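Have a look at the sequence and structure, then read on.

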Amino acid sequence: KQWYQRRVRGNMTGDSDYSNLGSIPLTPPPQYYQHLALNIQPEHLEGSQYVFAGDEKKKRSLSDIMFFGIGSSYISGLAAGGLWGFFEHTRTFDASSKLLRRNHCLNSITKRGTFVGNSLAVLALFYTASTGCIGKLRDKDDIWNDIGGGAVTGGLYKSTKGIGTFSKFVGIGAIGGLLLNLANGTFEQGSSYASETISETYEDLFERR
């Protein structure tokens, strides 16, 4: 107790140096708090980190991919078809009545919007389902699933137009699946995804045989 009283009196009489208080931060930098929740030192974190072991290998389920693909395709188709219908209305309708002009505009937008939205949604259904099934059969998740899914989608889209048209759209669908895979991978993993994927695919086809 006597030691504590002497310490307090010494601090009160100015024995301590408080000249550098302005340079002392009130709170530590944020990185000192990052390891508290998971008991991980911040200096040991490099690149992409995952909370639990095995999270890096987890992928979205087929139902999640299908719902997202179909929904986003339908909404995008509605927007694109609506713009198509609006511009079509401006080119083909020149009546002076405001009521007729408004009705014609709404009819054009809903006609083209639902047509494009439904068409893209059906194509997305074919593509996501076929891509997922091919991946399940091969037990792999690579670019060949998207190429095969695109080929199946193109073939189903024009399956009733004869063998020539069918073959053409199989090729177009395969190229479309390749481009979709590269675009999606570039968006999620960065600009190096396309070059790395193409080089790995080339090695699988030619150099490892």
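Helix H5 covers residues 163-189, which makes 27 residues, and spans 38 Å from its first C-alpha to its last, close to the 39 Å expected at 1.5 Å a residue. That expected span is 1.5 Å times one less than the number of residues in the helix. Helices here are DSSP runs (H or I, at least four residues), numbered from the N terminus.

Which residues of H5 are buried? They are Gly-173, Ala-174, Gly-177, Asn-181, Leu-182 and Gly-185. Buried means under 20% relative accessible area, exposed means over 50%, and partly exposed is in between, using a 1.4 Å probe and protein chains only.

## Where the numbers come from

This is a predicted model, so local features need pLDDT of at least 70 and side-chain atom pairs count only at pLDDT 80 or more, while totals for chains, interfaces and linings use all residues. Residues are numbered from 1 along each chain as its sequence is written, and side-chain values use heavy atoms, with hydrogens and water left out.

## Salt bridges

How many salt bridges turn up in a search of the whole structure? There are two, taking a salt bridge as a side-chain nitrogen of Lys or Arg within 4 Å of a carboxyl oxygen of Asp or Glu. One of them joins the side chains of Arg-112 and Glu-88, at 2.9 Å from N to O. Arg-112 sits in helix H3 (residues 98-138) and Glu-88 in helix H2 (residues 62-92), so this pair ties together parts that are 24 residues apart in sequence. Both Arg-112 and Glu-88 are buried.

Another salt bridge links the side chains of Asp-142 and Arg-138, at 2.7 Å from N to O. Asp-142 counts as partly exposed because its relative accessibility is 24%, and Arg-138 is partly exposed too, with a relative accessible area of 31%.

Asp-139 lies in the loop between H3 and helix H4 (143-157). Its phi is near 60°, a positive value in a residue other than glycine. Most residues other than glycine have a negative phi. Asp-139 is at 68% relative accessibility, so it counts as exposed.

## Cysteines

If you are wondering about disulfides, the structure holds zero of them, a disulfide being a pair of cysteine sulfur atoms within 2.5 Å. Cys-105 counts as buried because its relative accessibility is 16%, whereas Cys-133, at 43%, counts as partly exposed.

Technical notes:
Helix = DSSP H or I, 4+ residues; strand = E, 2+ residues; numbered from the N terminus.
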